[in-house]
Amino acid sequence: MLELFGLGFSQIFQPYPLVLLFLGTVAGIVVGCLPGFTITMGAALVLPLTFGMSSIEGLSAMIGVLVGGLAGGQITGILLGIPGTPSSVATVFDGHPMANNGEPGRALALGTWASFWGGIIGAFVLMFFTPPLADMAMKFGPWEFFALVTFGLTIIASLSGDSMIKGAISGLLGLIAASFGTDPMTGIPRFNFGLNGLTGGFSFLPVLIGLFAFSQLMKNLEGEGSSSQALISDANLKFSSRSVMKEIFHQPFNLLRSSLIGVFIGALPGAGASIANILAYDQAKRASKTPKLFGTGIPDGIIASESANNGTGGGGLTPTMALGVPGDAVTAIMMGALILHGIQPGPLLIIEFPELVYGIFVAFFVAHFFMLGVQLYGIRIFVKLTKIPLYLLIPSILVLCSVGSFSIQNRFFDIWVLFIFGLLGYLMSKAKIPLAPMILGVILGPMAETNFRRALMTDPNLALFFTRPISLLFIVMAVISLIYPLYKNYRTKKLQDDAAAR
Amino acid sequence: MKQDRILALILLAFSVFMYLEADRLPPAMFGALGADLFPKLLFVLLALAAVTLFVQPTVKLRRKAAQSKRPASGAVARAFDFTYYRNVIIGFVAFLGYVVLMYVVGYVLSSLIFLPVLMWILGPRTKKSTIAILVVTFGLTFGMYFGFAQVLKIFLPSGLLF
């Protein structure tokens, strides 16, 4: 194992990968701290830039975006009270009051250090759980993989959004979009409607940029245009790292619990940082001796939320690399990055490309140190960045979107795909259909289909999906993930009715 | 509620259309496992989901009506607020124009037109903003041109003319 780490080290500790990792981290913090710009969007926009790079260089940049983005959301959350990404919603609850009480520097330092420790705990999980998980998955047949994909899709459908049926529709639309183009098994062209550009199907990247970047930009254009936001004065950004560290290590249980909640939620297919931070905050409040103080600007809340959201990074990458089933939309893009660099994630990855896998582990660690340094000492720059007006930002990023979509295959057709999926994504978000299941569907589509058909070709008996124990386990979990929200819905309704009857 | 029903009908129509389209795919060479199998399964599931979405509001409304013992008032469709969506529509139209223009004259020229026009429409139109627009337009267009094409070796769209 140490040998492999040495290999990973030698991959990352070279000038070019290190610079890219650093730049990726900075880019991640930037998209993280801008409200209305998500990590998913940042990852989708950085991905095309990595085409000309080697796979380890490209992935270093992407890892940086992931780590920086997870931490960057707290900046605007604490200073403005507007979370920069959904991953930092719970940070606002205590971070903003603390900033209002005249200690914005302390709040930011607490959040940044908590992010760091949460991420490092996640990194250890990633490092120690990926190899055995991949090892276990080596025994999976097509039945298990199909059942696993089904579980991943049902859980994301039931978790992301208010309506489970709309989540399911989104996931199905993603699978359908992936079925366009050449049949992966027989090579027969499907649904090209006489268009040459559709012979290969929709390229993953323009679909992604359209759904997550383009549609979000358009959403930012709604309303009368945002007025300039009143920032807390830059004056009091001072902090003392030593006292902040003391505060964090004063609550080791909170830190550990929140980080592990993040890791677990991240590893669960379908749920990511946007859920983990709120859950960890809630748990911290329940475990606290002084729950009433939550929301008034105490360190506990900031630590819980920020360590949880960075914990999801390592948690989410674990199944992505070991099983080829991403944990959420951001890790789905990470998986897309691997595929675009010609690497198929899955149990064989760690055997075929150990240098890459361990390189990613090392990069993930190093990114947290970069994030810590950049965010603690560059905070003033990021605060200034949030003042860039949207009328300059949105058209500029639209240009980036089109160049990014074009650049994968140098096909003009892909810019049309970008436009169509941008429009579709916008309309879907207006219809309150969550977008994350769709992107998981797009990326898991070929895997679902190939394994489904391979299973039936090996043995036409459908019952095998239910008699093979691991396959059955995944299917049972899929069914639970579908039924649980219905049950919860029923219970809250019943509670409401009882309350109304009283 | 009403919007959901329209959405359900669109999805249903889409799945029926696509199912028929999948049916026209060449038959499988061996067994029943052709290229059409998996997509067909997806369209059936999507149709089922659409039907559920269509029926759901009725069930909920009926339950609510039974609870309150009052006829449920139908969802009143809010009038389409044009000013709220004005910039969104402008954004989509401007981007459409940008793509068409890029197809004809290539990346550099189309960006030099698209960026300032959209920024000017969305921006506050002051002296300061005009300067900012010009700086960003030229900086981004040529910065990308050199950064992408020269350093990162990524191609930019060239048009029919240039």
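Buried area is the accessible area (1.4 Å probe) that two parts lose on being put together, summed over both. This is a predicted model, in which local features need pLDDT of at least 70 and side-chain atom pairs count only at pLDDT 80 or more, while totals for chains, interfaces and linings use all residues. Residues are numbered from 1 along each chain as its sequence is written, chains are lettered from A in the order in which they are written, and side-chain values use heavy atoms, with hydrogens and water left out.

**Stop 1: the interface**

Display chain A and chain B together. The area buried between them is about 5500 Å², and carbon and sulfur atoms give 83% of that area. On the side of chain B, select Phe38(B), Phe92(B) and Phe95(B): these residues lose the most area to chain A, together 13% of what that side buries. In terms of contact (heavy atoms within 4.5 Å), 63 residues of chain B meet 59 residues of chain A.

Next, look for polar links across this interface. The rule finds 3 residue pairs in polar contact there, both residues at pLDDT 80 or more; a polar contact is a pair of N or O atoms within 3.5 Å, where within protein one must be able to donate a hydrogen and the other to accept it, and residues adjacent in sequence count only if both atoms are side-chain atoms. Helices H1 (2–23), H2 (37–68), H3 (82–105), H4 (107–122) and H5 (127–152) of chain B each supply at least two residues of the side that touches chain A. By class, that side has 50 nonpolar, 10 polar and 3 charged residues; Ala, Val, Leu, Ile, Met, Phe, Trp, Tyr, Cys and Pro count as nonpolar, Asp, Glu, Lys and Arg as charged, and the others, Gly among them, as polar.

**Stop 2: salt bridges**

A salt bridge here is a side-chain nitrogen of Lys or Arg within 4 Å of a carboxyl oxygen of Asp or Glu.

Select Arg468(A) and Glu144(A), whose side chains meet at 2.8 Å, N to O. Arg468(A) lies in the loop between helix H21 (464–467) and helix H22 (469–501), and Glu144(A) in helix H7 (142–159), so the pair ties together parts of chain A that are 324 residues apart in sequence. Glu144(A) is buried at 3% relative accessibility, and Arg468(A) is partly exposed at 26%; buried means under 20% relative accessible area, exposed over 50%, and partly exposed in between (1.4 Å probe, protein chains only).

Move to Lys166(A) and Asp4(B), a salt bridge of 2.9 Å, N to O. This pair crosses between chains, from helix H8 (164–179) of chain A to helix H1 of chain B. Lys166(A) is buried at 7%, and Asp4(B) is buried at 18%.

Finally, select Asp183(A), Arg190(A), Glu449(A) and Arg453(A), which are linked in a network of salt bridges.

**Stop 3: the nonpolar core**

A nonpolar core is a set of buried Ala, Val, Leu, Ile, Met, Phe, Trp, Tyr and Cys residues joined through side-chain atoms within 4.5 Å. The largest has 189 residues, and those with the most contacts inside it are Ile63(A), Leu398(A), Leu444(A), Phe95(B) and Phe114(B). Helix H16 (354–377) of chain A gives the largest share, 15 residues.

Centre the view on Phe114(B). Neighbours within four places in sequence aside, Phe114(B) is in contact with Pro395(A), Leu398(A) and Val399(A), and also with Ala94(B), Phe95(B) and Tyr98(B).

Key:
Helices (H or I, at least four residues) and strands (E, at least two) are DSSP runs, numbered from the N terminus.
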